Amino acid sequence: MILVYATFRSETEVKKAAKLLVADKLVACVNFFPAGTTYFWNELREGTEWVGIFKTRESLVEKVFSIIKKNNTYETPAIFTIPVGAVDQDYEKWVEEVTQ
């Protein structure tokens, strides 16, 4: 199991990506929430964006990245994986069962 972390411009955007990926069985589930951000893009900026944490199999990461990029209006969205160390065996089994 691996986590994919991605940022989105809006709640609508992250929900759309989440529904597509869960429906296509590329991720088991998605947590999403608003997050404050400070960053440099031609100048120092602050704002709010939406974060999605997608739970999937390592073998599906490239497909997940592709769908997130296609459904994201950011010019350069943050999309990266977070390795999972210890995980409850029942939860990991469920992720494996519902993704393909």
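I looked up the largest pocket and found 15 lining residues, of which Y39, W41, E49, Y74 and T76 lie nearest its centre. The model is predicted, so I kept its limits in mind: local features need pLDDT of at least 70, side-chain atom pairs count only at pLDDT 80 or more, and totals for chains, interfaces and linings use all residues. Residues are numbered from 1 along each chain as its sequence is written, and side-chain values use heavy atoms, with hydrogens and water left out.

**Entry 1: the pocket**

I noted the terms. On a 1 Å grid over the protein atoms alone, a pocket is an open set of points where a 1.4 Å probe fits, with protein on both sides within 12 Å along at least five of seven lines; lining residues have an atom within 4 Å of a point. I read the space in the largest pocket as about 360 Å³, a volume being the space filled by probe spheres set on the points, which are joined across faces, edges and corners.

Which strand gives the most to the lining? I found that β3 does, with 4 residues. Both β2 (29-40) and β3 (44-56) supply at least two lining residues each; strands here are DSSP runs of E, at least two residues, and helices are runs of H or I, at least four, numbered from the N terminus.

I sorted the lining by class and got 6 nonpolar, 5 polar and 4 charged residues. Asp, Glu, Lys and Arg count as charged, Ala, Val, Leu, Ile, Met, Phe, Trp, Tyr, Cys and Pro as nonpolar, and the others, Gly among them, as polar.

**Entry 2: the salt bridges**

I counted 4 salt bridges in the structure, each being a side-chain nitrogen of Lys or Arg within 4 Å of a carboxyl oxygen of Asp or Glu.

I looked at E11 and K15, whose side chains meet at 3.3 Å, N to O. They sit 4 residues apart in helix α1 (residues 11-23), so about one helical turn separates them. E11 is partly exposed at 32% relative accessible area, and so is K15 at 33%; the term covers values between buried (under 20%) and exposed (over 50%), with a 1.4 Å probe and protein chains only.

I then took R57 and E96, with their closest N and O atoms 3.4 Å apart. This pair links distant parts of the chain, 39 residues apart: R57 is in the loop between β3 and α2 (61-70), and E96 is in helix α3 (residues 89-98). I have R57 as partly exposed at 22% and E96 as partly exposed at 32%.
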